[in-house]
Amino acid sequence: MARNPTKFLECRECVYLPVCGGGCGAVSYEKHKSYHESGCFKIKGNIEKEVLMYLKSKKMI
């Protein structure tokens with residue numbers, strides 16, 4: 001609850017921050033041994049694919 005992803009160097013300027021909120025705390029702890037680091041895990045590619053699938057389903061592209 002006390003994680004603030006705007007203070008994480010990796011997250012600070014990431015365009016995906018509003019979607020992921022700094023990623024998963026468990027991933028952060030596994031990678032960095034701290035909950036106060038980025039917990040980024042493949043969300044970037046997944047978001048792009050989901051947006052493309054949505055646009056295709058609406059015949060927008």
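Colleague: How many of the 61 residues of the protein chain count as buried?

Modeller: In this predicted model, 21% of the 61 residues count as buried.

Colleague: What makes Ser-28 one that counts as buried?

Modeller: Buried means under 20% relative accessible area. Ser-28 has 0% relative accessibility, so it counts as buried. Its place is in helix 3, residues 25-32. Leaving aside neighbours within four places in sequence, Ser-28 is in contact with several residues, among them Arg-3, Tyr-35, His-36 and Ser-38.

Colleague: And why is Cys-11 called buried?

Modeller: Cys-11 has a relative accessible area of 5%, and the cut-off is under 20%, so it is buried. You will find Cys-11 in helix 1, residues 9-12. Not counting residues up to four places away in sequence, Cys-11 touches Pro-5, Leu-17, Gly-22 and Ser-38.

Colleague: How far apart are Cys-11 and Ser-38 in sequence and in space?

Modeller: Cys-11 and Ser-38 are 27 residues apart in sequence, and their C-alpha atoms are 6.4 Å apart in space. For the protein chain in general, 35% of the contacts between residues at least 6 apart in sequence join residues at least 24 apart.

Colleague: Let's turn to the other cysteines. How many disulfides does a search of the whole structure find?

Modeller: The search finds 0 disulfides. Take Cys-14: the nearest cysteine sulfur belongs to Cys-20 and is 6.0 Å away.

Colleague: Are Cys-14 and Cys-24 buried, partly exposed or exposed?

Modeller: Cys-14 has a relative accessible area of 22% and Cys-24 has 27% relative accessibility.

Colleague: Now the overall fold. What does the secondary structure of the protein chain come to?

Modeller: There are 4 helices and 0 strands, giving the pattern α-α-α-α along the sequence.

Colleague: How do you know whether the protein chain is a compact globule or more spread out?

Modeller: Its radius of gyration is 14 Å, while the globule rule gives 10 Å for 61 residues; the value is well over the rule, so the protein chain is more spread out than a compact globule. Along the principal axes, the C-alpha atoms fill a box of roughly 45 × 20 × 20 Å.

Key. Residues numbered from 1 in each chain as written. Predicted model: local features only at pLDDT ≥ 70, side-chain atom pairs only at ≥ 80, totals over all residues. Heavy atoms only, no water. Helix = DSSP H or I, 4+ residues; strand = E, 2+ residues; numbered from the N terminus. Buried < 20%, exposed > 50% of the residue type's maximum accessible area, 1.4 Å probe, protein only. Contact = heavy atoms within 4.5 Å. Rg over C-alpha atoms; globule rule 2.2 N^0.38 Å. Disulfide = S-S within 2.5 Å.
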